[in-house]
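Keep the sequence and the 3D view at hand while reading.

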Amino acid sequence: MKEIIDLIKNAKCLTAFTGAGISVESGIPPFRGAGGLWEKYDPKYIEIEFFYSHPKESWAEMKKIFFNSMGVAKPNTAHKTLAKLEEMGFLKGIITQNIDNLHQKAGNKKVLEYHGTIDTLVCTKCSKKYKTKDTDLTPDLPSCSCGGILKPDFVFYGEGINPQVYQESLALALKTDVMFVVGTSGEVMPACSLPMAAKQQNGAVIIEINTLPSAYTASLSDYYFEQKAGDFFGEIAKRIG
Ligand code: APR
């Protein structure tokens, strides 16, 4: 752990790449593995073609998967420690695959939401945006004042990544010399290529924290801590002073 503290303190550009696993201790299930959402729900409901052809069915499932528990989850020790590392000037930014807004709630300012967010809805007709918490989701088809159907502002399967977020995330990864890779199976492109880009371009030191080996563990990670994100970052918080 002393090596990790030294890496944090001496990094020129320390970043974090996070996935669903960092929010499991906040009560949000992961997508894959034990208790994963894709064991319980069919991911087809968040495929963009399905959404446009069966919006009512898609909305009914999305409410169960994402929205019914929305607003309940709180940042955990891992989120809070990453916020502290940014506040102390060590962490330069987070690229997250998560849509739960917990990094921002923990206090991080530089957060790139690679897969968008559950916090806003966008009109499929006029592109007007709405805060989810201020929108009545009881109708079968939440709609815009223009009559268009509202879509959650996260990236559906078959949708592209927001070009600006894509570019900013890649630029940050290419500047990174030390990267935490936290709670991700590393299976979903193009997000999962970012730690590889950091390593290949900049020789970044990859510090992986996961409760199980991932697609990165044997091939990319320089350090692998097989433990819960909250436990690992709780140790970091104690030592970083
Ligand atoms: N601490 C650390 N890691 C954990 C914890 C924990 N407490 N609990 C689970 N994990 C790990 C699991 O071992 C797994 O490797 O978190 C990872 C979660 O993997 P996924 O569910 O595949 O989540 P993620 O990698 O973020 O998925 C990427 O897939 O469905 C899409 O758009 C969705 O952003 C998501 C993308």
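Domain bounds, as used below, come from an automatic or database domain assignment. The model is predicted.

## The ligand and its surroundings

The shell around the ligand takes at least three residues from domain 1 (1-28 + 75-115 + 161-241) and at least three from domain 2 (29-72 + 120-154). By residue type, this shell holds nine nonpolar, ten polar and three charged residues. There are 22 residues around the ligand, and those that come nearest are Phe-31, Arg-32, Tyr-157, Ser-185 and Asn-210.

In Tyr-157, an N or O atom of the side chain is 2.6 Å from an oxygen atom of the ligand. Glu-25 places a polar side-chain atom 3.0 Å from a ligand nitrogen, and Thr-211 has a polar side-chain atom 3.3 Å from a ligand nitrogen. On its own, the ligand has 740 Å² of accessible area, and the protein covers 92% of that.

## Helix H5

Helix H5 spans residues 77-87, and its buried residues are Ala-78, His-79, Thr-81, Leu-82, Ala-83, Leu-85 and Glu-86. These buried residues pack against both helices and strands. The helices are H1 (2-10), H6 (102-106) and H9 (229-240). The strands are E1 (14-18), E2 (91-96) and E7 (178-182).

The N-terminal end of H5 is capped by Asn-76, which has a side-chain oxygen 2.8 Å from the backbone nitrogen of Ala-78. After H5 comes Gly-89, with a positive phi near 90°.

## Backbone details in the loops

Two residues other than glycine have a positive phi. For Asn-101 the angle is about 65°, and for Ser-127 the angle is near 70°. Asn-101 sits in the loop between E2 and H6, while Ser-127 belongs to the loop between strand E4 (116-123) and strand E5 (129-131).

Are these two residues buried or exposed? Asn-101 has a relative accessible area of 14%, which is under 20%, so Asn-101 is buried. Ser-127 has a relative accessible area of 51%, which is over 50%, so Ser-127 is exposed.

Another loop contains a cis peptide bond. The bond joins Met-189 and Pro-190, with omega about -5°. Pro-190 is located in the loop between E7 and helix H8 (193-202).

Definitions and conventions. Residues numbered from 1 in each chain as written. Predicted model: local features only at pLDDT ≥ 70, side-chain atom pairs only at ≥ 80, totals over all residues. Heavy atoms only, no water. Buried < 20%, exposed > 50% of the residue type's maximum accessible area, 1.4 Å probe, protein only. Helix = DSSP H or I, 4+ residues; strand = E, 2+ residues; numbered from the N terminus. Contact = heavy atoms within 4.5 Å. Polar contact = N/O pair within 3.5 Å; in protein donor to acceptor, adjacent residues only side chain to side chain. Near = heavy atom within 4 Å. Areas by Shrake-Rupley, 256 points an atom, 1.4 Å probe, with all protein chains shown as cover. Nonpolar A, V, L, I, M, F, W, Y, C, P; charged D, E, K, R; others polar.
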